[in-house]
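Have a look at the sequence and the structure first.

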Amino acid sequence: MQKLTIIGVVGKKIAVDAQETFKKILFWVNVNEEIANPSTGEVKPVITTVRVACYKRADRADLFLKQLVPNATVLCTGVAQADLVVSKEKEFGCLSLDAREVVVIAEAPLRGQYLNFEMVGNVGTVRVNAADGNQSDSVCNFSLAHNEGKGDKAKTIWTNCAYWRPKDRCGVFPFITSGKKLFISGRPRVSLYRRGDGETGVSLECTVSQLELLSASDRSSAGGMSSLEPELPDPDPGIPTPPDFPESDELPF
């Protein structure tokens, strides 16, 4: 299972690819939130832009498009992935959503916008950086694999996760090992990296706020710490932040 849920505002450009029985509708959603730093209490505005693709039957698409207008507030759920966007010869990481559901909930922007990523998958590589000296938090970085689709369309989606905990509350870290099945929830984002062939690659990442061990033996061994209370992570979790999109009328948000 892998699911991205967003509540946000439709951007200024909407594209339609008309097919025989379906129409593919592409649009951008801006999610505006206020995130509080748990250490200082400081609240900062955060804007995340998501590229959304959905399909509508041709006989229903026109009615849907009358509702899906710039500045409308929408609820979208589906599968998240990381894409590469090229604009004015510059490359940017883009969070994309292959939408299973899109609902227009208001004609104007609403408060209480929302972005949340959930995933059940198997752990790949693991690296723990324990806090020392004046550091207050430790972090467990791990990759998580999720299989999407069936048959010829089957593919594995990898997500790089960072789970930050106070240094005296890291008892779950030894149970996050290769091959174990986990549920995670948190804030997704996209980062760029240089591949071995010199080309630019993109990776889907998640700063985890909630983690659950799905193996019964792990839950009992961990002393009941199968479901850890959601904690808002440090806004600077040590994973490279993707570059901001430039302000340009040519970009679709």
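In which sense do strand E1 and E4 pair, and over how many bridges? Strand E1 (residues 2-18) and E4 pair in the antiparallel sense, over six bridges. Strands here are DSSP runs of at least two residues, marked E and numbered from the N terminus. Two strands count as paired if DSSP finds at least two bridges between them.

Before going further, please note that this is a predicted model, in which local features need pLDDT of at least 70 and side-chain atom pairs count only at pLDDT 80 or more, while totals for chains, interfaces and linings use all residues. Residues are numbered from 1 along each chain as its sequence is written, and side-chain values use heavy atoms, with hydrogens and water left out.

Strand E4 spans residues 73-87 and is mostly covered, with eleven of its 15 residues buried. Buried means under 20% relative accessible area, exposed means over 50%, and partly exposed lies in between (1.4 Å probe, protein chains only).

**Charged pairs**

Side chains of opposite charge can pair when their charged atoms come close. For a salt bridge, a side-chain nitrogen of Lys or Arg must be within 4 Å of a carboxyl oxygen of Asp or Glu. The structure holds seven salt bridges, and the table shows some of them.

| Salt bridge | Closest N and O atoms |
|---|---|
| Glu118 and Lys3 | 3.9 Å |
| Arg51 and Asp83 | 3.2 Å |
| Asp197 and Arg195 | 2.9 Å |

Let's begin with Glu118 and Lys3, which form a salt bridge. This pair links distant parts of the chain, with Glu118 in strand E6 and Lys3 in strand E1, 115 residues apart. Glu118 counts as partly exposed because its relative accessibility is 21%, and Lys3 counts as partly exposed at 34%.

Next come Arg51 and Asp83, another salt bridge. Arg51 lies in strand E3 (residues 43-57) and Asp83 in strand E4, so the pair ties together parts that are 32 residues apart in sequence.

In the pair of Asp197 and Arg195, Asp197 is exposed, with a relative accessible area of 51%.

**The surroundings of Glu118**

Strand E6, where Glu118 lies, covers residues 114-129. Which residues does Glu118 touch, not counting residues up to four places away in sequence? They are Met1, Gln2, Lys3, Phe183, Ile184 and Ser185, where contact means heavy atoms within 4.5 Å. Glu118 and Gly186 are 68 residues apart in sequence, yet their C-alpha atoms are 6.8 Å apart in space.

**A charge over a ring**

Finally, find Lys56, which lies over the face of Phe64 at 4.6 Å from the ring centre. A charge sits over a ring if NZ of Lys or CZ of Arg is within 6 Å of the ring centre and within 35 degrees of the ring normal.

Notes:
Helices (H or I, at least four residues) and strands (E, at least two) are DSSP runs, numbered from the N terminus.
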